[in-house]
Amino acid sequence: IIDYQPGVCSRRMTLEVEEGVIRSIRIQGGCDGNLQGISRLVEMEVSEAIRRLDGIRCGGKPTSCPDQLAQALKQYKGE
């Protein structure tokens with residue numbers, strides 16, 4: 001289990017990873033519809049999720065909820 005506190009609208013991300021594959025994500029705070037979508041789409045290998053989500057920005061901000069999810073996964077992998 002990964003427990004991560006991102007620096008964006010969402011306040012907390014809890015991820016369950018099993019054998020290098022994301023099995024579930026719970027995100028608290030942020031835009032509910034977008035976060036539900038992200039949670040349902042990201043059941044994949046950790047490396048693939050990082051590749052797809054890393055660097056996504058929200059408006060003029062330097063990061064976003066998807067980018068913060070990638071950062072949490074990078075931290076988990078030790079990158």
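**Entry 1: the largest pocket**

I looked up which elements line the largest pocket of this predicted model, and found that helix 1 (32–41) and helix 3 (65–77) each supply at least two residues of the lining. Helices (H or I, at least four residues) and strands (E, at least two) are DSSP runs, numbered from the N terminus. Helix 1 gives the largest share of the lining, three residues. The lining comprises 14 residues, and C9, C58, S64, C65 and P66 lie nearest the pocket centre.

I noted the definition used: on a 1 Å grid over the protein atoms alone, a pocket is an open set of points where a 1.4 Å probe fits, with protein on both sides within 12 Å along at least five of seven lines, and lining residues have an atom within 4 Å of a point. The space in the largest pocket is about 190 Å³, a volume being the space filled by probe spheres set on the points, with grid points joined across faces, edges and corners.

I then sorted the lining by residue type: nine residues are nonpolar, four polar and one charged. Here Ala, Val, Leu, Ile, Met, Phe, Trp, Tyr, Cys and Pro count as nonpolar, Asp, Glu, Lys and Arg as charged, and the others, Gly among them, as polar.

**Entry 2: confidence and conventions**

I checked pLDDT, the predictor's confidence in each residue, from 0 to 100. The mean for the protein chain is 91, and 100% of its residues reach 70 or more. Helix 1 has the lowest confidence, at a mean of 84, whereas helix 2 (residues 46–53) has the highest, at 95.

I recorded that residues are numbered from 1 along each chain as its sequence is written, and that side-chain values use heavy atoms, with hydrogens and water left out. Local features need pLDDT of at least 70 and side-chain atom pairs count only at pLDDT 80 or more, while totals for chains, interfaces and linings use all residues.

**Entry 3: salt bridges**

For exposure I used relative accessible area: buried is under 20%, exposed over 50%, partly exposed in between (1.4 Å probe, protein chains only).

D3 pairs with R12 at 2.7 Å, N to O. D3 is partly exposed at 46%, and R12 is partly exposed at 33%.

D54 pairs with K74, their closest N and O atoms being 3.0 Å apart. This pair links distant parts of the chain, 20 residues apart: D54 is in the loop between helix 2 and helix 3, and K74 is in helix 3. D54 is partly exposed, at 35%.

K77 forms a salt bridge with E79, with 3.3 Å between the closest N and O atoms. K77 is partly exposed at 38%, whereas E79 is exposed at 59%. I also found E48, R51 and R52 linked in a network of salt bridges.

I located T14 in strand 2 (residues 10–18). T14 counts as buried because its relative accessibility is 13%. Leaving aside residues up to four places away in sequence, T14 touches I1, I2, D3, S24, I25 and R26, contact meaning heavy atoms within 4.5 Å.

Q75 lies in helix 3 and is exposed, with a relative accessible area of 54%. I compared Q75 with Y4: the two are 71 residues apart in sequence and 9.3 Å apart in space, C-alpha to C-alpha.

Note on methods. Salt bridge = Lys/Arg side-chain N within 4 Å of Asp/Glu carboxyl O.
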